[in-house]
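Please read it with the structure open.

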Amino acid sequence: WQGWAVTLGDKYSDGSGQNMPAHSDAKFDAAPDIDHANLAVQQSISVWLRWLRLEIGFDAWRFDFVKGYAATYVGNYCQKSEPAWAIGELWTDMEYDHQGLKRNQDRHRQ
C-alpha cells in the first residue's frame, strides 16, 4: 500500500488518501491510520483475508486496535472472508504525554 490507503491528515499521509478519520476513530501514533472507508482498502483487505483462509489455512482473525475504526468494517471483512471466529484487540487505557504515546505502557498491566 501507498499513501492512498492512509487517512488524510495522518502524519504518515502523503495527501493522496480519500477520507479524513471518522470522529469516533481513536489515534495510534506508532502506525499509519488506514482508511477503512476507502473502497479499494476494503477490497484489498477482503481479498487478502480470503487468501489467508483459503490458500494458507488460517481460520480465525485477530483485528488490532479495533477502537481505531468502526466495527462495521470488521463485520464486512468477516462476512467476506468467513472466519471460524474473530477477536479484536481493545486497549482502553493507553498513556500519553506531551510528546504523544508513551513508549512504556506497563503501568496498566497486571
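1. Start with Asn-104. Asn-104 lies in the segment after β4. Its side chain reaches the backbone nitrogen of Asp-106, at 2.7 Å. Met-94 is 10 residues away from Asn-104 in sequence. In space, the C-alpha atoms of Asn-104 and Met-94 are 9.7 Å apart.

2. A word on confidence. This is a predicted model. The mean pLDDT of the chain is 91. A value of 70 or more is reached by 98% of the residues. Where is confidence lowest, and where is it highest? Strand β4, residues 100-101, is lowest, with a mean of 82. Helix α1 is highest, at 98.

3. Now the overall layout. The chain has two helices and four strands. Read from the N terminus, the order of elements is α-β-α-β-β-β. The C-alpha atoms fill a box of roughly 45 × 40 × 20 Å along the principal axes. The chain has 110 residues, and 30% of them count as buried.

4. Is Ser-81 buried or exposed? Ser-81 counts as buried, because its relative accessibility is 0% and the cut-off for buried is under 20%. Ser-81 is found in helix α2. The side chain of Ser-81 reaches back to the backbone oxygen of Tyr-77, at 2.7 Å.

5. Next, the aromatic rings. Two aromatic pairs are counted. One is Trp-1 with Trp-4: the ring centres are 6.2 Å apart and the planes stand at 65°, so this pair is edge-to-face. The threshold for that label is over 60 degrees. Trp-4 is partly exposed, at 29% relative accessibility.

6. The other pair is Phe-28 with Phe-65. Their ring centres are 5.4 Å apart and their planes are at 40°, so the pair is tilted. Why does this pair tie together separate parts of the chain? Phe-28 lies in the segment before α1 and Phe-65 lies in the loop between β1 and α2, so the pair links parts that are 37 residues apart in sequence. Phe-28 is partly exposed, with a relative accessible area of 30%.

7. How many residues line the largest pocket? The lining has 30 residues. Nearest the centre are His-36, Phe-63, Asp-64, Phe-65 and Tyr-69.

8. Which elements supply the lining of the largest pocket? Helix α1 (39-56) and strand β1 (60-63) each give at least two residues. The largest share comes from α1, with five residues. That helix is also where confidence is highest.

9. Last, the makeup of the lining. By class, the largest pocket has 18 nonpolar, four polar and eight charged lining residues. Phe-65 ties two of these points together: Phe-65 is among the residues nearest the pocket centre, and Phe-65 is also the partner of Phe-28 in the tilted ring pair.

Notes
Residues numbered from 1 in each chain as written. Predicted model: local features only at pLDDT ≥ 70, side-chain atom pairs only at ≥ 80, totals over all residues. Heavy atoms only, no water. 1 Å grid on protein atoms, 1.4 Å probe; cavity = no way out; pocket = protein on both sides within 12 Å on 5 of 7 lines; lining within 4 Å. Nonpolar A, V, L, I, M, F, W, Y, C, P; charged D, E, K, R; others polar. pLDDT = per-residue confidence, 0-100. Polar contact = N/O pair within 3.5 Å; in protein donor to acceptor, adjacent residues only side chain to side chain. Phe/Tyr/Trp six-rings, centres within 6.5 Å; stacked < 30°, edge-to-face > 60°. Buried < 20%, exposed > 50% of the residue type's maximum accessible area, 1.4 Å probe, protein only.
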